[in-house]
Amino acid sequence: MANGILLMTRAPAALTVAFLLLLGTVGVSVHGQLQFGFYSDACSDAEDIVTAVVENARHHPPRPRPPPVPRLLRQSNTGGAAEVNNNKHQGLRGQDVVEAAKAAIEEQCPGVVSCADIIALASRDAIAMTNGPSFQVPTGRRDGLSSNLRDADVLPDVSDSIQVLRSKFAASGLNDRDLVLLTAAHTIGTTACFFVKDRLYGYRGGAGSDPSIPAPFLSELKSRCAPGDFNTRVPLDRGSEGSFDDSIYRNIRAGLVPIASDAALDASNATAALVASYLGAAAPSFAQDFVGAMLKMGTIGAITGDAGEVRDVCSAFNAN
């Protein structure tokens with residue numbers, strides 16, 4: 001992600017990605033050294049403070065745009081700055097909410113709560129505020145001590161083919177179902193025309209448009225994203241960008257999603273079948289399965305114990 005952070009836009013909506021939210025589950029399980037209520041003694045108000053900051057951001061413009069769940073989570077677990085500064089993720093916004101929550105927590109509990117956990121908690125709250133599932137988040141992460149721009153290159157990109165997406169997810173221990181479920185985070189918010197332009201005006205390096213985009217939708221997108229316009233935003237989930245639901249899957253099946261990586265889910269029999277299943281017999285388990293995938297994603301690369309640090313501010317390593 002870069003220069004800001006996120007693909008989501010309206011507050012409740014946006015306060016998903018980005019803080020496209022993160023792990024959670026119902027129960028009392030522990031994942032490694034992550035556990036529910038990790039700060040119950042050292043900073044008992046930490047979770048309430050994060051919720052209050054997210055709620056405040058929801059009601060007071062300008063509304064921050066949190067980044068897509070998987071990316072924010074990976075960002076928090078692997079150091080952060082690399083993805084923020086990587087040119088592949090231009091136009092992402094929303095880090096100010098994390099910084100505000102961090103500052104508020106530092107006033108009460110200096111040096112205790114990590115930025116990685118704040119991101120996880122804010123993501124959870126953002127999901128719940130957009131009519132998504134409410135869930136607990138295991139905490140106990142530490143912040144990274146290094147940041148490499150190349151770290152962001154292993155993250156899913158909006159132009160990745162289905163083969164590349166499946167490969168990247170598999171490399172992180174995630175399967176096709178996780179890919180389909182985590183993509184559902186795009187049911188909330190908007191994306192900048194920057195991420196759509198190649199499908200509209202430079203498909204596969206040429207000057208044409210992606211032929212898989214239905215003609216009416218192509219005209220709609222071009223009317224919103226004129227040549228050279230990188231900043232105008234369009235809904236990630238056409239017609240339902242303000243609410244967490246399965247509409248993103250209906251739009252994927254109909255070809256009505258703006259970014260190529262979402263559309264790619266319909267290009268593989270395996271992922272297309274999973275998309276269809278969440279509109280059929282598996283529909284009742286969608287929210288529960290989504291939370292499970294987020295929980296799984298949130299443990300990847302998590303730094304715990306005495307490793308790493310607890311940053312004073314989330315945008316920079318500590319001086320010592």
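Student: How do the axes of H2 and H5 cross, and within what distance do they come?
Tutor: The axes of helix H2 (residues 46-59) and helix H5 (residues 95-108) come within 9 Å and cross at roughly 140 degrees, where axes are lines fitted to C-alpha atoms, for helices over the stretch in contact, and angles run from 0 to 180 degrees between N-to-C directions. Helices here are DSSP runs of H or I with at least four residues, and strands are runs of E with at least two, numbered from the N terminus. This is a predicted model, in which local features need pLDDT of at least 70 and side-chain atom pairs count only at pLDDT 80 or more, while totals for chains, interfaces and linings use all residues. Residues are numbered from 1 along each chain as its sequence is written, and side-chain values use heavy atoms, with hydrogens and water left out.

Student: What does that make H2 and H5 to each other?
Tutor: They are therefore oblique, since angles under 35 degrees count as roughly parallel, over 145 as roughly antiparallel, 65 to 115 as roughly perpendicular and the rest as oblique.

Student: Which residues make the contact?
Tutor: H2 contributes Ala46, Ile49, Val50, Val53, Val54 and Ala57, and H5 contributes Val97, Ala100, Ala101, Ala104, Ile105 and Gln108, with contact meaning heavy atoms within 4.5 Å. By class, the contact of H2 with H5 has 11 nonpolar, one polar and no charged residues, where Ala, Val, Leu, Ile, Met, Phe, Trp, Tyr, Cys and Pro count as nonpolar, Asp, Glu, Lys and Arg as charged, and the others, Gly among them, as polar.

Student: And at what angle do H5 and H6 pack?
Tutor: H5 and H6 pack at about 115 degrees, with their axes 10 Å apart. On the H5 side Val98, Ala101, Lys102 and Ile105 meet Cys115, Ile118 and Ile119 of H6, and by class this contact has six nonpolar, no polar and one charged residues.

Student: Is cysteine 115 buried or exposed?
Tutor: Cysteine 115 counts as buried because its relative accessibility is 4%, buried meaning under 20% relative accessible area, exposed over 50%, and partly exposed in between (1.4 Å probe, protein chains only). Cysteine 115 lies in helix H6 (residues 115-128), and, leaving aside neighbours within four places in sequence, is in contact with Lys102, Asp143, Arg311, Val313 and Cys314.

Student: Switching to the whole chain, how many helices and strands are there?
Tutor: The chain has 14 helices and two strands, and buried residues make up 54% of its 320 residues.
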